[in-house]
Amino acid sequence: MLGVINRTKAWFAGRCGQPLLQAYYDLYKLLAKGAVYSRTTTWVFRAGPMVGLSAVLVGMTLVPLGGKPAPLAFAGDFILLAYLLGLMRFFTVAAALDTGSSFEAMGASREVTFSALAEPALLLGLAVVARQTGRFSLSGMYGGMALETWRQAGPVLALVAAALMVVLLSENARLPIDDPNTHLELTMIHEVMVLDHSGPDLAFIFYGSALKLWVFAALLVGLVLPLRTGHAWLDVGAALGGIFAVAVAVGAVESCMARLRLVRVPQLLVGAAALVALALILTLR
Amino acid sequence: MTVLLLAVAILVCSGLAALLATASPRAATTLGAGGAVVACVMGLIAAVPFLFGAPAESLHLAWNVPYGSFFVEVDALAAFFLLPLFALSALAAVYGAEYLLEWRGRKSLGAAWLFYNLLLASMVLVVLAHNGVLFLVAWETMTLSSYFLVTFEDEQDAVRQASWTYLVASHLGTAFLLALFVLLGRGSGSLDFDHFSSANASALFLLALVGFGTKAGFMPLHVWLPEAHPAAPSHVSAVMSGVMIKMGIYGLLRTLTFLGPPPAWWGCVLIGIGLTSGVMGVLLALAQHDLKRLLAYHSVENIGIIALGLGVGLLGVSNGSPVLAALGFGGALLHVLNHALFKGLLFLGAGSVLHGTATREIDHLGGLAKRMPWTATTFLVGAVAISGLPPLNGFVSEFLIYLGAFNGVTQRAAVAVPLLAAIAGLALIGGLAAACFTKAYGVVFLGQPRSEQAAHAHEAGVAMRLPMVLLAASCVLIGFCAPLALRPLCGVLHVVSGLPPRTINEQLAGAAGPLRYVIAGSVAFVVLIAALAWLRRRSLTGRIVTQTVTWDCGYAQPTARIQYTASSFAQPLTALFAPLLRARRTLAAPEGYFPRASSFTTATPDAARIALYEPAFSGVGWLLARVRWLQQGRIQLYVLYIALTLLVLLVWKLG
């Protein structure tokens, strides 16, 4: 997905861009490197990336794709998903504070602020979908959706999808909330928290954030593209196409918008929550 | 039953013995703490069978007090609240044995242990009492003994103020309880719980809400919590926060069993209280820079979560939805137990920090993980648990409440709207709690020491470390064995919600299914961490691994003071919620071309206290000042008053 996003941004900028599989080359390169640790850090710094990657890997087993149920599906699994992402965030923030650097702490403080505001929007959005479909597990909700659901409750699902897009941009540190490219400490949120990590730790973090982007994109695609032709490979193929379409959309947004002022970001997130609340009111009729 | 009463007797006797032995600190500590531990272990073993289906036992003796009788009964609800009481109190007693030795020679340790054991004994009697007078006597003893424990360091002005606030607030609450019991007993003329009538159920519910809510810490009745908990010695703070405020929840639940079928608005009121307490509690916690005050506000927040669960359960009972009732009440009760465990752990950790560094000020600490590794690790377990993160126990109870609420959102709007508010509120509270605890853990234990005291911290001794390790282990255990933790809930839920046991078992089995998947996920999580650790070690063997300073952007002389402070970490959130927090800031800005010293301080006093209580109390003071002309100070005038009153009474009664 990262390859598609970067290629889209490059196309907007008139460049040729990185190879599509650049992310994997970077991972391989990082795993082959040594590491430098700060003397201020403790075991929390070394454990943070591993905890984060494990949490998002377990989270990935909860997310369905293309109408197929997820490997681990049960009532309330989206609660576990949201809180696993919270666990990943807790340990990333703890590792950032472990270095004793004000840059990392700055990013950490912004990260916890924005995710505290984004999480209610996410859970409430999923509650709206649960009320609409009457099922309480992600596989049930997304498996039970079809084009019929959009015909019946189009505005509701559109509002939830818009809110999910905003939450995706916020949680994955994409423009207009955060810039994954600048590597300037004062303008970033996620990139600055991982400033001191190197080598395999950085590889774990990089892969973890790529997987987190996949998880959010899969949630969005399941909502927006409920194609149920009955052929497994066609559904899954359509879902994969949808995910790459989301990547193109993210790349387009990143190329066309500048980063928002930090005081505007909470307003954007509360706006997403307001959209979900509106969708809620519509379902209550 | 007899074993429980024997435990109470042992507590009282060992407390008195400790008082008599106060000349020798070691003897007093051994008698007091030893008696507490023995009694708690006995009580724990005696209480457990009542949770798993043993029939309720009672003891009814006459007592020479009007309307009073020594009527004690232990049923599943009482046994469930006795669990955290005995478990946490025993561990806190072991902790306190070493913690209090710091004051030997300066303060009477015998008195401290007397009041500690009296506190435990009175809490046991509160839970067991089935007569109004006995309940109120035990409640008052609980308040007074905890008051004397809070005033342990009474040479400090702040401690005296805090204990005065605590005493006044508790007695205001007890006044409402008195009214409640009088109204409950009016119908039958007896104050035994068996004979209570439920006329005027709504008025009784409101009285119970205020009376028990003052002890539990609902907003805006919580103002004594953030004063009293930091002032008390740490093991007492742990017991007060983990167990004593749950006595308010116990009282509320017991009253609900008297009041019959609840109307729907009761559940909505509790959900509203839960949302206010939860969100405002965690916001006020974010603004604090005193470690124990931060933890006290988090107690308010967690009581809010428990109230949310109780509200969901009440909505279920009033709507005839067994799922909502079982999962809502189940989640709330499990959170009572979980909160006792992890909040006790956090307060003991804060006490260990105070013991090692002599300061509670977060912005003067830092880097303690290297000097106090045991405290740091157990505090991390407590922080992850209280933020409700998997795979620990906080997630299990919040998951139950979420599951209940989600099951109810498909119903009609009158039920769905409060439940959706509860879901959004829980999500917000969880996010803010994670923010607050990353701040607390990160600034206190990680990074570099910000002051000399932090740089020379020393780790706590074995007696202080052992309870913390055991509590951390129990958090992990409950997290990984969640369906087992559901089994004791069956009997309690039957008492609280009135549903038949078979329905409850069905619902709990229905909840145990998802919990097993959660545990599967947690186990997979741990296995993956192990796998990644192996991968990392394999990648790093043979490579260059060095240590250097943290990336400092080229600054020539970074110091520990340029690290982020707790206030700066919380600043985006406190700025966002500024209208609710009303922080006061004093700024001495740098001026001139070569600025010298400048300072910036923020303080966030409790808004409820300033807006509600201070005007009310000054009004009462003004009113009483108007009546002061009656007190002339002359004995002859007072004798005249007495004579006049007697004359008026005689005329009234005989006329």
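## A buried glutamate in chain A

Glu104(A) counts as buried, because 28 C-beta neighbours fall inside 10 Å of this residue and 20 or more are enough for that class. The model is a predicted one. Glu104(A) is part of helix H5 of chain A.

Beyond the residues within four places in sequence, Glu104(A) is in contact with Ala96(A), Thr99(A), Val192(A), Met193(A), Leu195(A) and Asp196(A). A further separation concerns Met188(A), which is 84 residues away from Glu104(A) along the chain; the C-alpha atoms of the two residues are 9.7 Å apart.

## The interface between chains A and B

In total, 65 residues of chain A are in contact with 70 residues of chain B. On the side of chain A that touches chain B, two or more residues are given by each of strand E1 (35–38), helix H3 (43–60), helix H4 (77–98), helix H5 (102–133), helix H9 (200–224) and helix H11 (264–284). H5(A) supplies the largest share of that side, with 18 residues. By class, the side of chain A that touches chain B consists of 41 nonpolar, 16 polar and eight charged residues.

Strand pairing also links the two chains. E1(A) pairs with strand E3 (residues 545–548) of chain B in the parallel sense, over four bridges. Within this pairing, Ala35(A) stands opposite Val545(B) of E3(B).

## Helices H12 and H18 of chain B

In chain B, the axes of helix H12 (residues 322–357) and helix H18 (residues 462–480) come within 9 Å and cross at roughly 150 degrees. H12(B) is therefore roughly antiparallel to H18(B), since angles over 145 degrees fall in that category. The crossing of these two helices, H12(B) and H18(B), is left-handed.

From H12(B), the contact is made by Asn338(B), Leu341(B), Phe342(B), Gly344(B), Leu345(B), Leu348(B), Gly349(B) and Ser352(B). H18(B) contributes Met464(B), Pro467(B), Met468(B), Leu471(B), Ala472(B), Ser474(B), Cys475(B) and Ile478(B). The contact of H12(B) with H18(B) comprises 11 nonpolar and five polar residues, and no charged ones.

## Helices H20 and H21 of chain B

Helix H20 (residues 489–497) and helix H21 (residues 501–540) of chain B have axes that come within 9 Å and cross at roughly 125 degrees. H20(B) and H21(B) are therefore oblique to each other, and H20(B) passes H21(B) in a right-handed crossing. Leu489(B), Cys490(B), Leu493(B) and His494(B) of H20(B) meet Pro501(B), Ile504(B), Asn505(B) and Leu508(B) of H21(B). The residues of this contact between H20(B) and H21(B) are six nonpolar, two polar and no charged.

H20(B) is largely enclosed by the rest of the structure, because eight of its nine residues are buried. The buried residues of H20(B) are Leu489(B), Cys490(B), Gly491(B), Val492(B), Leu493(B), His494(B), Val496(B) and Ser497(B).

## An open strand pair in chain B

Strand E4 (residues 584–588) of chain B lies largely in the open, because the number of buried residues among its five is zero. E4(B) is joined by five bridges to strand E5 (residues 599–603) of chain B, and the two run antiparallel. In this pairing, Arg584(B) stands opposite Ala603(B) of E5(B).

Methods
Residues are numbered from 1 along each chain as its sequence is written. Chains are lettered from A and ligands numbered from 1 in the order in which they are written. This is a predicted model: local features need pLDDT of at least 70, side-chain atom pairs count only at pLDDT 80 or more; totals for chains, interfaces and linings use all residues. Axes are lines fitted to C-alpha atoms, for helices over the stretch in contact, and angles run from 0 to 180 degrees between N-to-C directions. Angles under 35 degrees count as roughly parallel, over 145 as roughly antiparallel, 65 to 115 as roughly perpendicular and the rest as oblique. A crossing is left-handed if the near helix is turned anticlockwise from the far one by less than a right angle, and right-handed if clockwise. Two residues are in contact if their C-beta atoms, placed from the backbone, lie within 7 Å. Ala, Val, Leu, Ile, Met, Phe, Trp, Tyr, Cys and Pro count as nonpolar, Asp, Glu, Lys and Arg as charged, and the others, Gly among them, as polar. A residue is buried if 20 or more other C-beta atoms lie within 10 Å of its own, exposed if 12 or fewer, and partly exposed in between; C-beta atoms are placed from the backbone. Two strands pair if DSSP finds at least two bridges between them.
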